[in-house]
Amino acid sequence: MRSRAFAIGLAGLALSAAAMSTVRAEEVVKIGLILPMTGQQATTGKQIAAAARLYMQLNGAVVAGKRIELIIKDDATVPDTTRRLAQELIVNDKVSFLAGFGITPSALAVAPLATQAKVPEIVMAAGTSIITEKSPFVVRTSFTLAQSSVIMADWAAKTGLKKAVTIVSDYGPGYDAEAAFKERFVRAGGQVVASLRVPLQAPDFAPFLQRAHDAAPDTIFVFVPSGQGAALIRQFVERGLDKAGIRLVSTGDVMDDDQLNGMGDAILGSISAHMYSAAHPSAVNKAFVAAFEQANHFRPNFMAVGGYDGMHLIYEALKKTKGSTDGAALIAAMKGMTWESPRGPISIDPDTRDIVQNIYVRKVERVNGELYNIEFETFPAVKDPVKAARM
Ligand code: PHB
């Protein structure tokens with residue numbers, strides 16, 4: 001008798017545990033992913049949305065007993081739209097996370113709302129240093145422009161280049177890239193003879209490339225945001241700058257994996273510094289690239305990796321809080337988190353909430369008929385140099 005009652009009791013327990021876990025699994029945690037799905041930066045939206053979906057496909061949609069729901073909104077890179085969408089996601093959809101942000105002005109527009117609503121803002125793309133300082137609820141999984149620009153400047157100076165012109169997009173990340181490159185290049189004995197800024201919207205690079213050419217530098221350093229590199233390279237080649245003995249060096253945003261194959265043989269040998277190449281030779285990256293290409297039929301770029309790692313950060317933070325969506329608890333859980341990304345080892349700086357990552361110097365090479373950025377030098381665990389200089 002006793003053993004039968006015991007058995008029934010156990011079965012009852014098992015039943016109620018199963019029922020509880022279904023109830024818990026039906027509690028939904030929403031992530032509002034605001035991306036440029038249309039307009040000039042649409043490739044960034046396409047890459048990050050694909051990566052976020054892939055992360056969920058590979059890791060499941062239930063974390064710490066909560067079902068994850070992704071709500072994707074298109075801001076078409078209009079910051080007022082980003083702010084309105086964020087407001088709606090907070091108030092109407094009751095999201096526990098805001099994420100994405102294809103360009104700096106979009107990320108900045110949402111920071112006051114993140115603070116007010118105590119909702120983590122996960123910056124998966126934008127790269128101006130100051131963004132993380134605009135709210136204690138911002139955490140970044142992308143990069144800062146200074147991280148790659150200082151490495152590019154050091155490399156250029158080390159290889160004997162002495163006279164540079166810089167060409168950057170005329171907004172936050174461009175100013176960061178310009179300042180970081182100049183500071184380091186000059187410190188290493190180089191000279192920057194002209195600093196040119198190209199409009200962000202519908203840029204025509206030709207007059208800027210002409211002015212750069214006329215200044216007779218031995219190198220041109222370039223930053224343009226993801227999606228604009230191919231147009232810049234086309235005009236660089238059309239004006240014959242590739243044959244003028246001027247070395248083009250850039251942040252990896254220009255030698256974007258999303259567009260690299262279309263840039264043609266003129267870019268073979270081009271040097272850039274960045275945090276991700278689809279050719280990064282790790283097991284984690286090979287598995288990531290294979291799964292991504294199988295699901296999407298295009299190559300992941302650095303934006304995809306920022307999105308994929310942003311999802312990882314959200315999942316792991318929820319595991320640490322045991323499913324609690326308290327904003328302050330989630331941010332505390334994210335600080336200091338360390339993991340192996342497709343880009344290599346990364347962590348979230350507990351003091352700044354910004355990403356710490358390897359920066360690689362790479363050269364464009366043809367591998368199995370396709371163009372890739374092949375990494376040949378690694379600078380480990382680079383913090384954002386702008387904030388590091390102040391600490
Ligand atoms: C930015 O707006 O912060 C941004 C966008 C695209 C990039 C880099 C920075 O490739």
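**Ligand site and cavity: close-up views**

View 1. Domain 1 (28-143 + 282-353) and domain 2 (146-274 + 359-390) both contribute residues to the lining of the largest cavity, so the cavity lies between them. The model is predicted. The structure contains 1 cavity of 30 Å³ or more. The volume of the largest cavity is about 90 Å³.

**View 2. Lining of the largest cavity.** A total of 15 residues line the largest cavity. Nearest its centre are Gly-102, Tyr-171, Phe-223, Pro-225 and Met-303. Sorted by class, the lining comprises 10 nonpolar, 4 polar and 1 charged residues.

**View 3. The ligand in place.** The largest cavity is where the ligand sits. Residues of the shell around the ligand come from both domain 1 (28-143 + 282-353) and domain 2 (146-274 + 359-390), so the ligand lies between these domains.

**View 4. The shell around the ligand.** There are 16 residues around the ligand, and those that come nearest are Thr-104, Gly-127, Tyr-171, Ser-226 and Asp-253. The shell is made up of 10 nonpolar, 5 polar and 1 charged residues. Tyr-171 is listed among the residues that come nearest the ligand and also among those nearest the centre of the largest cavity.

View 5. Thr-104 places a polar side-chain atom 2.5 Å from an oxygen atom of the ligand. At Gly-127, a backbone N or O atom is 2.7 Å from an oxygen atom of the ligand. For Ser-226, a polar backbone atom lies 2.9 Å from a ligand oxygen atom. On its own the ligand has 280 Å² of accessible area, and the protein covers 100% of it.

Key: Residues numbered from 1 in each chain as written. Predicted model: local features only at pLDDT ≥ 70, side-chain atom pairs only at ≥ 80, totals over all residues. Heavy atoms only, no water. Near = heavy atom within 4 Å. Polar contact = N/O pair within 3.5 Å; in protein donor to acceptor, adjacent residues only side chain to side chain. Areas by Shrake-Rupley, 256 points an atom, 1.4 Å probe, with all protein chains shown as cover. 1 Å grid on protein atoms, 1.4 Å probe; cavity = no way out; pocket = protein on both sides within 12 Å on 5 of 7 lines; lining within 4 Å. Sits in = over half its atoms within 2 Å of the grid points. Nonpolar A, V, L, I, M, F, W, Y, C, P; charged D, E, K, R; others polar. Domains from an automatic or database assignment. Points joined across faces, edges and corners; volume = space filled by probe spheres on them.
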